[in-house]
Amino acid sequence: MNKHSKMMLTGNKAAAWGVRLAQVDYVPAFPITPQTEIVETLAQWFSDGTLTGKYTNMDSEHSMFMAAGAAAATGVRVFTASSSQGILHGMEALYTIAGWRVPLVMVNVSRALATPITLEPDHNDVMSTRDCGMVQLHAETCQEVLDFILIGHRIAEHPQVALPVLVNMDGFYLSFTREPVVLPEPSEVARFLPPYKSEQPVFKASQPMARASAVFGGATYSYFKIQQDLAVRQAETVFHEVSEEFAQYFGRNYGPVENFMMDDAEFVFVMSNSFATKGKAAVLELRKQGIKAGLLKLRLIRPFPTQAIADSLLGHHKVAVIDQNLSPGMGGILFPEIVTSLYSRINRPEKFLSVIGGLGGKDILKEDFFSIVEHLRSDKSEGPLFLYNDDDLKQFKKVSHIALAEKGGSES
Amino acid sequence: MIKTHKRVSDLHPEEIITPGTGLCAGCGGLEGLRLALKELGKDVVICNAAGCFTLLSVYPFTPLQGSWLYTTMGGPVPAAQGIRDALDVQLKKGKLPSQENLQVLVVAGDGSSNDIGLGPTSAALHRKLDFIYFCYDNEAYGNTGFQLSAASPFGSSTQTSPSTHEHPAGAEKMKKNLFDIWKAQDPTYIATVSPREPIDLSNKFAKAKTMSGPRMFICMSPCPTGWGFDPKDAHVIAKLAVDTGIFPIKEYFEGKVVHTKRPRKRLPVEKFLERQKRFSHLFYPERCEDVISQIQKNVDDYWSHFE
């Protein structure tokens, strides 16, 4: 492989390459669409000796996360991947291993949650892990997926962090989209991310330890939870350090947020993941029509980069937060987080709009962004704006008509 | 050559669980684990399922000379898989000297073993995981105040299977046969053990220690708080379970089941039942003859295959 060699890779393949370059020792795996291509690729590489170490086919995501966490507590570099219902099935284990304070990297290939069941993406799966104490990096491109896995291991293994790091990418929109990806030179990666040697105590005969013992009395419990909070917060500082070093090695510079045409932006879209690419295209389109739009992309979701978000948004007066998730009865999950992070600051935006779109893989159209601008212009205060139009309703009515006709019923 | 113990004074003097734990006085399972660890030594990592034994290690204290990892109710076996795999990877890559290797031991109650943890365990048996499983069988979810588990015997009353006018027996289902469930997946070794049979227990652990692959121990665990007896009588209750034939002491190895302690003349089951509060509804206010005789019949039917 030449330095700076490029390959056309899907998001899933880019993830697998990240794992290969990171010289991961152990992958416990359980298949779930649209994540399967990652573990299939790794299964092949562990099987044919391209990767040394062990790949274990597990029986569920709960088991998989337990095995991943326990292996990390025993001193090897660990990677795993999941998606959607798998994340929910493994949720108890995710809280548990995040509490163990063990370093590992996992990829979540975002997919909407049941019910109804679907294969296509939105962010309710990854947002459900928001509070379990993991670091979260969200990728827009296949390149970011690969790079975040390398950066993720550095953050996870940093002695002041020692936490699982989750790298998120959108199912289908990124997992199966081929893009040119620069493959870092393995020897350079080995310098940036040397072979794993735990800085934490690990299970071995000469070092007996009791890990994750029970606690009684709220004081001790609170102490551990506060430590966990501090560690997740510390991950932001570590992210900055590691990112800068990454840029020195590989020339790609990642901040916790990305500003796109923000300088003079009158209307700002806050987005994350692959749909941010659509948002950027819409910004260019709006600019052509003389509308000063800009976009703030979130890369780091936990810890929440409050200061970086404030630095970007203060002084801009109309902000729409586009959540590809829904907390029924409340709205978008990130919207209140953005609002909260600016609430006590002077010169904060005058208008915040919560927008819900892209649920279950529903596309966000160019026209939707125009419509968001119209809503931002209005003086009305309004609840969440659902990106759901007459065409969508027509489509839904068409299928429900078929369903009802089959049953001999009638459309109401 | 495995050294076999002939008398209690032969047992290893070293204590891997030191005195002073948060477990109940008279816990039969704790005595079983104490004896087991004397054989296994301290180069052991325990993967613990949520349950009574979670109280073994309460921050900042541990009574263990070896290592401990608290997991989830369904998670101790997958955690054992992760630890075993991680040790193997490091041993293979030369990153871990062989003297640093650990025996991986799962400790779980009958609830976890029969219910929420059974699926992951079955999967680990399929993968031929190299580990030892210690199930302390107190025949209920003891940690939540004695609730019905799949191991609760027919005729026992628990907090969620009380004896009532409508349901005089209390628990109306037969105890799940965990021994045979394991056996169906062809593990290396399975044994039932009783804290009242320390020589038998110790020799079985000494034997299992020399093997690899999945190895299982079901330890009869008289539970003073749940079963309702004086803690000082735990050994009597454990002995009666064996002597009435209610708890058969056996092992499975190389395709064969052998009873390693056979009650010479089985005592009637009521000798075991009448001493415990969980069966008191079978005797007071009036004798529940049909349930008692059904329990006796179940025991007789079991032994008729071997006598």
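How many nonpolar, polar and charged residues does the lining of the largest pocket have? Let's work up to it in two exercises.

This is a predicted model, where local features need pLDDT of at least 70, side-chain atom pairs count only at pLDDT 80 or more, and totals for chains, interfaces and linings use all residues. Residues are numbered from 1 along each chain as its sequence is written, chains are lettered from A and ligands numbered from 1 in the order in which they are written, and side-chain values use heavy atoms, without hydrogens and water.

**Exercise 1.** Describe the largest pocket and its lining.

Step 1. On a 1 Å grid over the protein atoms alone, a pocket is an open set of points where a 1.4 Å probe fits, with protein on both sides within 12 Å along at least five of seven lines; lining residues have an atom within 4 Å of a point.

Step 2. The volume (space filled by probe spheres set on the points) is about 910 Å³.

Step 3. Of the 32 lining residues, A:Gly99, A:Trp100, A:Ala212, A:Ser213 and A:Phe224 lie nearest the centre.

Step 4. Helices (H or I, at least four residues) and strands (E, at least two) are DSSP runs; H9(A) gives the most, six residues.

Step 5. By class, the lining has 18 nonpolar, ten polar and four charged residues. Asp, Glu, Lys and Arg count as charged, Ala, Val, Leu, Ile, Met, Phe, Trp, Tyr, Cys and Pro as nonpolar, the others as polar.
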